[in-house]
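Good morning, and thank you for coming.

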Amino acid sequence: MKIFQIKFIGHIEVRKLGLKSLLVLFTLHFSFLTYNSNAQQLESYIQVAEENNPQIQSFNLKYEIAEEKINEVNAYPDTEFGIGYFVSEPETRTGPQKLRLSVRQMLPWFGTITARENYAGSIADAEYVEIAVAKRQLALSVAQAYYRLYANEAKQKILQENIELLETFHELALNSLEVGSASAVDVLRLQMRQNDLAQQKESLEQEFNAEEVLFNNLLNREEDLSVEVVDSLFIPTQTDEKERVAEVHPELLKFDKLYESVVEAEKLNLKDAAPKLGFGVDYVSVADRTDMALADNGKDILMPMVSVSIPIFNSKYKSVTKQNELRQKELQAQKDQRLNLLQTRLEEAVSIRNSARMSANTFIENLEQAKDAEEILVKSYETGTIDFNDVLEIQELQLKFQIGLIESVKNYYMQAAVINYLSK
């Protein structure tokens, strides 16, 4: 992949190498390299975040609960046991009844247990997709926070280089002041500009510390741990292909899994609407008759039983069927809406990313032109006619272009993270 590297060469000591060395102050290097350390470093942070993130841990536990639910539904109804003692003993031909024992077991219709398992499994699948969504969203948040840290640190370096550059110009102004080719106002203006840049750098340091705390919180680790970011980032030069939302994107797959759960719920509903079978045994203890001798005198009674539960009034099952049909339509509509929103978000990200690439190219061209202006200033100094107002203007322009270039690179990669979230 062809990419260009944006790198700024720091301030070169004028007193050692001469004034013409200022011409290479902001040299731009273009190379055809593949940059991997950024992805590797960022991937390691994302992995730490996934391992430590309490929300993902919560989703994992919800998934485990949903999986355990399969074992819960894989069971028959409770077996019923009964015992009764006849206070007033009913007389039978073979003797009075003393005690009754019973046991009964209801059985669902054939396939009902399997239907329950399938329904519980579909719910577990939907919970698992939530884990994938949470991981993607976390990775996006970590990546964007990482690129904000990169931009902040890069700006601090640029400001420090400009402060050092102004110090060089300040010394040149002092020398010019001694020979009468500069005024004290020029010296003071350079000092004020240095103070302003120092204040900006200090503000960035405070922002970096706050952003670093946010980043560590995303990784769920100690807030005071330092975050390492890359020194430079590259923007690809080739035109990207048309991006589309991934067909199996977790945010869309979630609706598919929920739809499947409704299908399984309807299958279970049909099974619940079927008759239910029951089997049981009654045992009756019979005492001996003492007033006569009979065959089978005092013989106990054993009575097997079969029962059938028929849902004659099944309007509730019809209602559940109707609800499931409506629920399926609702989920399909929600999926279509989500797809439209994701595709719109993707188009916006692609547009901003492309604009960031074009802006970067513009800032690079402007920096090259600023170099030309700087060369003119150097030649003016050699002839003793340097204008330090022009020096400040060129320095301010260069700083503006440098900061703009950093912002463009940051915006490019932040939107690239969004595109990766949506299309991969």
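**Charged pairs, aromatic rings and a surface patch**

Glu251 is buried, with a relative accessible area of 8%. Please keep in mind that this is a predicted model.

What is the partner of Glu251 in a salt bridge? The partner is Arg338, and the closest N and O atoms of the two are 3.5 Å apart. This pair links distant parts of the chain, as Glu251 belongs to helix α6 (residues 250-272) and Arg338 to helix α7, 87 residues apart. Arg338 is partly exposed, because its relative accessible area of 32% lies between the limits of 20% and 50%.

In general, side chains of opposite charge can pair when their charged atoms come close. The count for this model comes to 16 salt bridges.

Two further examples lie within single helices. Glu260 and Lys257 form a salt bridge, at 3.8 Å from N to O. Both residues are in helix α6, 3 residues apart, which is about one turn of the helix. Glu260 is partly exposed, at 37% relative accessible area.

In helix α8, Glu407 and Lys410 are likewise 3 residues apart, about one turn of the helix. Their side chains meet in a salt bridge of 3.3 Å, N to O. Glu407 counts as partly exposed at 23% relative accessibility, whereas Lys410 is buried at 14%. Elsewhere, salt bridges that share partners join Arg100, Arg104 and Asp282 into one network.

Helix α8 also holds Gln398. Is Gln398 buried or exposed? At 1% relative accessibility, Gln398 counts as buried, because the limit is under 20%.

Let us turn to the aromatic rings. A search of the whole structure finds 8 aromatic pairs. In one of them, the ring centres of Tyr147 and Tyr413 are 5.4 Å apart and the planes meet at 40°, so the pair is tilted. Tyr147 is in helix α4 (residues 112-178) and Tyr413 in helix α8 (residues 388-423), 266 residues apart, so this pair too links distant parts of the chain. Tyr147 is buried at 6% relative accessibility, and Tyr413 is buried at 14%. Both belong to one aromatic cluster, together with Tyr45, Tyr146, Phe215 and Tyr412.

Finally, we come to the surface. Val308, Ile310, Ile312 and Phe313 make a nonpolar patch of about 510 Å². Ile312 lies in the loop between β7 (301-309) and α7 (315-382), and is exposed, with a relative accessible area of 65%.

Notes
Residues numbered from 1 in each chain as written. Predicted model: local features only at pLDDT ≥ 70, side-chain atom pairs only at ≥ 80, totals over all residues. Heavy atoms only, no water. Patch = residues over 30% accessible without salt bridge, like charges linked within 9 Å, V, L, I, M, F, W, Y side chains within 5 Å. Areas by Shrake-Rupley, 256 points an atom, 1.4 Å probe, with all protein chains shown as cover. Salt bridge = Lys/Arg side-chain N within 4 Å of Asp/Glu carboxyl O. Helix = DSSP H or I, 4+ residues; strand = E, 2+ residues; numbered from the N terminus. Buried < 20%, exposed > 50% of the residue type's maximum accessible area, 1.4 Å probe, protein only. Phe/Tyr/Trp six-rings, centres within 6.5 Å; stacked < 30°, edge-to-face > 60°.
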